Amino acid sequence: MKEFKFDVEAIRSQFPACRLKVDGEPIAYLDGPGGTQVPQRVLDAITGYLINDNANEGGFFGASYRTDEVENRAFAAAADFLGCSPQEVGFSNASTQHSYNFSVNIAKTMAPGDEVIITEIDHQCNSQPWRRLGELGFVVKTVRLDPETKQLDFDDYLAKLSDRTKVVAINWAANAIGTITDVKRYIDKAHEVGAVTVVDAVHYAAHKPMDVKAIGTDVLLCSPYKWFGPHMGLIYMDEKLLADLSFNNAGAEDIAEGSRKFHMGTPQYEQMSGMIEAIEFIASIGEEYAGFFEEELQGLSGRRRNVVAGMLAIDEYEAPLGDKLRRELRQIPGVTLYGPADGEPRTPTVAFTMDGHAPDEVTKVLGDRGINAWHGDFYAIYTVEALGLTESGGLIRLGLAPYCTEYDIDRTIETLREIAGA
Ligand SMILES: Cc1ncc(COP(=O)(O)O)c(C=O)c1O
């Protein structure tokens, strides 16, 4: 078989932002875990919708018919992205909104003393709504992050699980440190005690293909703005749970069915248009590289097959680039990396500190040179706390996307070396 070679320039040519420069250098977008750039087709779809199809749904005129169509196409595209049926997905402004909405509605089925399990590796999105339930008399237990391995402590999880556990809210990939958790193991155990599972896949979804049925979760959250789409949230809910659960949705509860139960008021049609094209963009990568992944793609067809192939190709490109980044960071005096051990499942998101330099000081120097990177806790506040880094300003985070290049990394390493005085 031919050697896998990813045409990064072909990808970059589709992103107008990749043409922007600071002091003559192309901007290095290493801020992907906070949100990626968008290809032209996403921009065109959003403006195209607002010019040609802008209306509310359900009316008897052209733009409204087309708006109905946009919504149906968005359900179908999201279903191909997740591996479920179009009736099992819904949209809102953000995953955090979905998380709050779901927690409030499932709480109606719970009794005081019932238990919820969250984790130290999660973003606030998948912990704070559940922590709030503590105020209503529910018991909230937190699974510990092992600060040595940077993995969740499965034994601690098993010890916390009980026949009073009603919800397990868990993270698939850690946005702060890149750790990937074997969520199926946690979901299977949760189901043994009859608990409902919520998987935060917001970070994972940008780097790996997903199959919600294979992991068997009841609910999954992800956000298209992390994978080339517009700012919005996407929720999957298994159809059985969806049928059973009632939602408080601004009076729409009695009229909305299936995943439309999630919609609070008028949905974001223009963002849906953009999201469809983000998924088509991933599928277009898959079409190009599917030949390299025949084994993984067995049994899949159509756009679902291309989406999975696209994510596999993105991973195949990003992972070695992430390895290079970590290897070179380790050579810089005073740099400490925080993430799973080499060889453990992870995303190409690399977190570190530099002796004698606060994280915000470092990202400011990078930012001045057109190297976009984040510092702090990234709302993974319990992770940063567990690592003992809260007082010192948290972490510096460099995250890769398929439009990032070796040159971006070289330029970043050179700047970090200068900061370190190496
Ligand atoms: C792992 C993870 N979960 C949840 C969120 C929040 O997503 P949203 O902004 O769509 O609420 C983020 C955003 O950075 C994230 O990285």
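Me: Which residue forms a salt bridge with Arg41, and how far apart are the closest N and O atoms?
Reply: Arg41 pairs with Glu277, and the closest N and O atoms are 2.9 Å apart. A salt bridge here is a side-chain nitrogen of Lys or Arg within 4 Å of a carboxyl oxygen of Asp or Glu. This is a predicted model, where local features need pLDDT of at least 70, side-chain atom pairs count only at pLDDT 80 or more, and totals for chains, interfaces and linings use all residues. Residues are numbered from 1 along each chain as its sequence is written, and side-chain values use heavy atoms, with hydrogens and water left out.

Me: What does the pair tie together?
Reply: Arg41 is in helix 2 (residues 40-53) and Glu277 in helix 10 (residues 269-289), so the bridge ties together parts that are 236 residues apart in sequence. Helices (H or I, at least four residues) and strands (E, at least two) are DSSP runs, numbered from the N terminus.

Me: How many salt bridges are in the whole structure?
Reply: The search finds 25.

Me: New topic. How is the protein divided into domains?
Reply: Domain 1 covers 8-38 + 304-420 and domain 2 covers 44-278; the bounds come from an automatic or database domain assignment. Their C-alpha centres lie 26 Å apart. The contact (heavy atoms within 4.5 Å) takes 40 residues from domain 1 and 37 residues from domain 2.

Me: What area is buried between domain 1 and domain 2?
Reply: About 3100 Å², with carbon and sulfur atoms giving 59%. Buried area is the accessible area (1.4 Å probe) that two parts lose on being put together, summed over both. Of the area that domain 1 buries against domain 2, Arg304, Met311 and Tyr382 supply 23%, more than any other three residues.

Me: How many salt bridges does the rule find across that interface?
Reply: One. Lys208 forms a salt bridge with Asp315, with the closest N and O atoms 3.1 Å apart.

Me: Which helix gives the most to the side of domain 1 that touches domain 2?
Reply: Helix 11, with eight residues.

Me: And aromatic pairs, how many by this rule?
Reply: The count is 20. Rings of Phe, Tyr and Trp (its six-membered ring) pair if their centres lie within 6.5 Å; planes under 30 degrees apart count as stacked, over 60 as edge-to-face and the rest as tilted.

Me: Why is the pair Trp172 and Tyr204 stacked?
Reply: The ring centres of Trp172 and Tyr204 are 3.8 Å apart and the planes are at 5°, so the pair counts as stacked.
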